[in-house]
Amino acid sequence: MFSEFVCKFLCEQEPRWFTTERLKKNRNNRLYLDYVQHKAGNTLAAPYSPRGNEKD
């Protein structure tokens, strides 16, 4: 929920810079913010996408 909030907030504040549009052809030059894949158990992540993990 936190990632979704941050992504939607950024898109509202700077719609020329950020988007949550999944289709590349519809994004223009905006940076894609993918909160859908940013959760435990998902294996798709950008190289610099921070994710939490369980501590031993």
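Me: How far apart are the N and O atoms in the salt bridge between Lys 8 and Glu 4?
Reply: Start from the general idea. Side chains of opposite charge can pair when their charged atoms come close. In this predicted model, the side chains of Lys 8 and Glu 4 form a salt bridge at 2.9 Å, N to O.

Me: Why are Lys 8 and Glu 4 separated by about one helical turn?
Reply: Look at the spacing. Both belong to helix H1, residues 2-13, and they are four residues apart, so about one helical turn separates them.

Me: Are Lys 8 and Glu 4 buried, exposed or partly exposed?
Reply: Lys 8 has 38% relative accessibility and counts as partly exposed. Glu 4 is partly exposed too, with a relative accessible area of 30%.

Me: How many salt bridges does a search of the whole structure find?
Reply: Two. Asp 34 and Arg 22 also form a salt bridge, with 3.5 Å between the closest N and O atoms. Asp 34 sits in the segment after E2 and Arg 22 in the loop between E1 and E2, so this pair ties together parts 12 residues apart in sequence. Asp 34 is partly exposed, its relative accessible area being 26%. Arg 22 is partly exposed as well, at 45% relative accessibility.

Me: Now Arg 27. Where is it found?
Reply: Arg 27 is in the loop between strand E1 (18-19) and strand E2 (31-32).

Me: What does the side chain of Arg 27 reach at 3.0 Å?
Reply: The backbone oxygen of Glu 21. Read the two distances separately.

Me: Which residues is Arg 27 in contact with, leaving aside its neighbours within four places in sequence?
Reply: Thr 19, Glu 21, Arg 22 and Tyr 32. Arg 22 is also the salt-bridge partner of Asp 34.

Me: Let us follow Thr 19. Is it buried or exposed?
Reply: Thr 19 lies in strand E1. Its relative accessibility is 7%, so it counts as buried. Apart from neighbours within four places in sequence, Thr 19 touches Cys 11, Arg 27, Arg 30, Leu 31, Tyr 32 and Leu 33.

Me: Next, the aromatic residues. How many aromatic pairs are found in the whole structure?
Reply: Two. Phe 5 and Phe 9 form a stacked pair, with centres 6.1 Å apart and planes at 20 degrees. A pair of aromatic rings is described by the distance of the centres and the angle of the planes. Phe 5 and Phe 9 are four residues apart in helix H1, so about one helical turn separates them. Phe 5 counts as exposed at 55% relative accessibility. Phe 9 counts as partly exposed at 40%. Trp 17 and Phe 18 form an edge-to-face pair, 6.4 Å centre to centre, with 70 degrees between the planes. Phe 18 is buried, with a relative accessible area of 16%.

Me: What is the phi of Asn 28?
Reply: First the background. Most residues other than glycine have a negative phi, and most peptide bonds are trans. Asn 28 is not a glycine, yet its phi is positive, about 60 degrees. Asn 28 lies in the loop between E1 and E2. At 64% relative accessibility, it counts as exposed.

Me: Is Gln 37 buried or exposed?
Reply: Gln 37 is in the segment after E2. At 19% relative accessibility, it counts as buried; the cut-off is under 20%.

Me: Finally, the whole chain. What pattern does it follow along the sequence?
Reply: The pattern is α-β-β, from one helix and two strands. Buried residues account for 12% of the 56 residues. Of contacts between residues at least 6 apart in sequence, 14% join residues at least 24 apart. The accessible surface is about 5300 Å², and 54% of it belongs to carbon and sulfur atoms.

Note on methods
Residues numbered from 1 in each chain as written. Predicted model: local features only at pLDDT ≥ 70, side-chain atom pairs only at ≥ 80, totals over all residues. Heavy atoms only, no water. Polar contact = N/O pair within 3.5 Å; in protein donor to acceptor, adjacent residues only side chain to side chain. Contact = heavy atoms within 4.5 Å. Buried < 20%, exposed > 50% of the residue type's maximum accessible area, 1.4 Å probe, protein only. Areas by Shrake-Rupley, 256 points an atom, 1.4 Å probe, with all protein chains shown as cover. Salt bridge = Lys/Arg side-chain N within 4 Å of Asp/Glu carboxyl O. Phe/Tyr/Trp six-rings, centres within 6.5 Å; stacked < 30°, edge-to-face > 60°.
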